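Hi everyone, thanks for coming. I'd like to walk you through one structure this morning, so let me put it up on the screen.

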Amino acid sequence: NNRISVDDEEGLKEVVEEFLDRYYDSQGTEFTLRDLIESYPGRKHLSIDYKRLEFFDPDLADLLLVEPLVIDELEKKAREMALEKYDANLDKGFNVRVKNLPDDIYLQIRNIRQHHINRFFPIDGIVQKATQVMPQATLAVFKCEECHEIMEIRQKSETEFKSPPKCYNEKCGAGSSKIEFLEKKSEFRDFQKIKIQEPPEQLTGGEKPEDITVKAKDDLAGKVTPGNRVTVNGFVKIEKRENSRIYDPYVEANNIELEEQEFQRIEISSGDEEKIRKLSEDPQIYSKIIESMVPAVYGYSNIKEAVALQLFSGQPKKNPDGTRIRGDIHTLLIGDPGTAKSQILRYISDLAPRGVYASGKSVSAAGLTAAAVKDEFSEGAFTLEAGALVLSDQGVCAIDEFDKIEAEDLNALNDAMEQQEIAVHKAGIDSTLKTRCAVLSAANPKYGRFDEFEPIPEQLNIDPTLLSRFDLIFPITDKPDRDRDNRIAEHILNTNRLGEKRKREEVMDRNIVDEGDAEVVRVKSEIEPDLLRKYVAKARQISPVMTQEARDKLKEFYIELRNERWDSSSSVDEDPLPITARNLEALIRLGEASARTRLSDKVKLKDAERAIRIVDNCLSKVKES
Ligand code: ADP
Ligand code: MG
C-alpha cells in the first residue's frame, strides 16, 4: 500500500520536490542539482542512485519501478527548480538517469514476458551491434505553402513520423502536398539503436544467447561500442509488427552502465568461497584441474594442461611506452580429422566463465571480428556488428576450422590476437573494438591430414605471421597404434555405456586419464564444472609476480633455445616457427597462469619449470618429423 500514487498528482509533485531538495542538498553526491547547475556545462543529466532513493523514500523508489511518470516528474521538477532556485536552464535533452539498481530485480533477456511491459528493470548484456548515432525528430515544424501557416507536431511515436494531413488554418485547409517540413526550425535529439545479447556466463550447456533491441537517446547515444558489457536500466516496451497482432519487445534505456574490468555476476556464495579456499590449498590442485578438462576425451594430457592454463591466463602488462602486452594465452590444435579437436573446443568454451564457440566458416556478416553493415535493424544507416572475438572479450574464444577463415577476417585477426583490438573505420563509423580473449583454435593440416613424409611446419596451411600469434601449437597425428587405440576404444565404449544410464555430470566422475602415455589410471574428475568455473573467476583476479628463481630459469631456457635453433636451422629466414621474444612472453604467461591455479600471487620455480616443459614439448613435437 503505497502512500503515494500517480493519481495524486499534487502529492507526487511534493514528494519529488522534497527528494530533489533534501537528497541533493544534504548528501555529497557527485551530481547534486546545484553541482549540476554550477559546474556541469552541458547540464544534460542528473544521476540518481536508486539505493539512496530507496533509503530516502522507499515508496517513491517502488513507484519508480512500475510507473514511467515518476522519472518524467523528476525531470520536470528538476528543470523547474533549477530555474527557480538557481536561475539556470537545463539542456533541452536533459534526463534523470537512474543507476545502481538492486541485484534481485535483474531481468534476463530470455525471461522477458508481457507482464514486464512498461516496468523498469536492469538487464545485463553484451553489445552485439550498434547503429551510427542518428538525429531523431522530437518536434517537427511545418509550413503551409498556400497561407504560410506554421504548424508544430511533437513526435512521440518511435516508429511513425506525424505530419499534418491538411493545413490547420481552417480558412485555407490545403492538402498535405502543400505542406512543407521545416527541418531548420525542427528539434532533434541523438538516437542510437543497440542490440544486446545475454552474456555467456548466464548461459548453460551450449544455449544460444538471446538478444533484445535497446533504444538509447540523448547522452546515452554513442556511449557504447560492440563488445562492451553493459547494464541497461530501462522500461520494457513493445512495438507493433506490420500487418500483425504480434509485437516485438525492446528496452527504452533510461541509463546504460558500462561494466568495469572485473565484471563478475557469477555468484560466489560464502560456501563456495570456503570450497575454493580448500581447493587452492590442496597439494594436488594442479593435476586435479588438468584432470577436470574434457574428461570424456582420452589422453592428450599435454593439451589438457595447456587449455587449463589458458583458462587461468597470464597477466596483461603495460610497457613504459604505453603499449600493452597481452596476458591471454593462444593455442592451436592442428591435426587429423576425428581426433576430438572439436569436442575439446566445445567443452572448454562451455567451461570458461566467458566462453564463445565459433567456426572459421562463420555464417554471420560480422564473421569472427567485426563488420559495418547496412541492414534492416538500422533502417538504412550503418550498423557496427561484433564478431565472436569481440563478444568473447575478457574470456575464451574457441575457433574451430581455423584453416577455413575467410580472407576478410584473416587481416583483422593478426591485430585481434596480438594488440587485442580491432579498428573499424568505415562509412562514418570510427571505432576500436576490444578483443582481449584467449584464442583456442583447431585446424586441419594442409592436405586434410598429416603427411608422414613432410615436415610438420610445412603442412600448417596458415600464414606464418598469424602462426606466430600462437603461444602453443599442438600437432595431432592419428597414426594407428594398437595399444593406444585399444585404450581410446575402451574409454569411448565406457563413456557411452555409462552415458545411457547416468547423467553427463556423473559420467565425468569416472574417467580415465593417461599419465605420460604410459599407464592407464582411473581417477575421479575432482572438480565439478560449476565450482571450477567459480575457481577460475576467482583466480583471474590475482596478479602474480615473478620470483627471482623463476625469472632466472626462464631466461636461461630462452637463451638456450635461441642458440639451439640458430645452430640447427640452415637458414633462419626459412624457419616457419622461429624462436623470438614472443616465446619468452609465452613462457611468462604460462608461468603466471600456473601460479594462479593455486591462487598464488608468486610465480615460483616450479611454475617456471612447468612453463618450460610445456613449451619444450610443443616445439619438439613440431620439429619431430
Ligand atoms: P575433430 O574435430 O578432431 O575432427 P571430433 O571432435 O569431431 O574430431 O571427434 C570425433 C569423435 O571421436 C568424437 O565423438 C570424439 O568424442 C571421438 N574421439 C576422438 N578421439 C577421442 C579420444 N581420444 N577420446 C575420446 N573420444 C575421442
Ligand atoms: Mg572438428
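This is a predicted model: local features need pLDDT of at least 70, side-chain atom pairs count only at pLDDT 80 or more; totals for chains, interfaces and linings use all residues.

β7 itself covers residues 187-197. It also pairs with strand β3, residues 120-131, again antiparallel, this time through four bridges. If you'd like a residue to look for there, find A130, whose bridge partner in β7 is I194. Then there is strand β8, residues 211-217, which pairs with β7 in the antiparallel sense over seven bridges. For that one, look at Q197, which stands opposite D211 in β8.

Now let's zoom out to the domains. The assignment for the protein chain gives domain 1 as 9-100, domain 2 as 103-265, and domain 3 as 270-479 plus 526-623. The centres of domain 2 and domain 3, taken over C-alpha atoms, are separated by 39 Å. How many residues of domain 2 are in contact with domain 3? There are 18, and they meet 25 residues of domain 3. Two of our strands come back here: β3 and β7 each supply at least two residues of the side of domain 2 that touches domain 3. β3 gives the most to that side, with five residues. By class, the residues on this side of domain 2 are five nonpolar, eight polar and five charged.

Next, a helix: α6, residues 270-281.

Last stop, the ligand. What surrounds ligand 1? The shell holds 13 residues, and the closest are Y298, A340, K341, S342 and Q343. Two elements give two or more residues to that shell, namely α9 (341-351) and α14 (482-501). Sorted by class, the shell has six nonpolar, six polar and one charged residues.

Notes: Residues are numbered from 1 along each chain as its sequence is written. Chains are lettered from A and ligands numbered from 1 in the order in which they are written. A residue is near a molecule or strand if its C-beta atom, placed from the backbone, lies within 6 Å of it. Ala, Val, Leu, Ile, Met, Phe, Trp, Tyr, Cys and Pro count as nonpolar, Asp, Glu, Lys and Arg as charged, and the others, Gly among them, as polar. Two strands pair if DSSP finds at least two bridges between them. Domain bounds come from an automatic or database domain assignment. Two residues are in contact if their C-beta atoms, placed from the backbone, lie within 7 Å. The expected span of a helix is 1.5 Å times one less than its number of residues.
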